[in-house]
Amino acid sequence: MEGVLVTGTAQAGLDGECVRCLEPIHDEIEARFQELFVYTEHQTPHDEDDEVSTLEGDLVDLEPLLRDAVVLALPFQPLCEDDCPGLCIECGARLADDPDHTHEEPIDPRWAGLAELKQDPEAPE
Ligand SMILES: [Zn+2]
Ligand SMILES: [Zn+2]
């Protein structure tokens, strides 16, 4: 009666990077939206701020609506897979490619000096 209620679903391609391992992500997202576009003749002075969408003649401008809906549908922290293990903190390797990857236990810097004192057991006392 006072406008046109627009309801829809939009699909958009998503290109990004995994926040844990930086692997490129290509995905599809679906955004739903609903908005009342009021007839300009029903617009009250109070509506003139951008809070209210108005019909432009017989047309609706979906762009701002779509943009907001898509932004809300974007994952806050995109991941290449739900349990992406991320990168190795020692060498930066991608753990999903090499899950069994290990490193020698790093020497505690407080004991590092002792490594130099290691004695050859064969050596005479
Ligand atoms: Zn990842
Ligand atoms: Zn590593």
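Leu117 is exposed in this predicted model, with a relative accessible area of 59%; exposed denotes over 50% relative accessible area, buried under 20% and partly exposed in between (1.4 Å probe, protein chains only). This leucine lies in the segment after helix H2 (112–115), helices (H or I, at least four residues) and strands (E, at least two) being DSSP runs numbered from the N terminus. Together with Trp111 and Leu114, Leu117 forms a nonpolar surface patch of about 360 Å² accessible area. For such patches, residues have over 30% relative accessible area and no salt bridge, and nonpolar side chains (Val, Leu, Ile, Met, Phe, Trp, Tyr) are joined within 5 Å; areas come from the Shrake-Rupley method with a 1.4 Å probe.

Residues are numbered from 1 along each chain as its sequence is written, and chains are lettered from A and ligands numbered from 1 in the order in which they are written. Because the model is predicted, local features need pLDDT of at least 70 and side-chain atom pairs pLDDT 80 or more, whereas totals for chains, interfaces and linings use all residues; side-chain values use heavy atoms, without hydrogens and water.

The zinc ion (ligand 2) is coordinated by Cys88 (SG), Cys91 (SG), His101 (NE2) and His103 (NE2) at 2.0 to 2.2 Å. This arrangement is likewise tetrahedral, because its 4 donor atoms subtend angles of 100 to 116°. His101 is buried at 18% relative accessible area, while His103 is partly exposed at 38%.

The whole structure contains 4 salt bridges, each a side-chain nitrogen of Lys or Arg within 4 Å of a carboxyl oxygen of Asp or Glu. One of them pairs Arg94 with Glu23 (3.6 Å, N to O). Arg94 lies in the loop between H1 and H2 and Glu23 in the loop between S1 and S2, so the pair ties together parts 71 residues apart in sequence. Arg94 is buried, with a relative accessible area of 15%. Arg94 also forms a salt bridge with Asp97, the closest N and O atoms lying 2.8 Å apart.

Conventions: Patch = residues over 30% accessible without salt bridge, like charges linked within 9 Å, V, L, I, M, F, W, Y side chains within 5 Å. Donors = N, O, S within 2.8 Å, 3.2 Å for Na, K, Ca; no water. Tetrahedral: all angles 85-135°; square planar, octahedral: opposite > 155°, others 65-115°.
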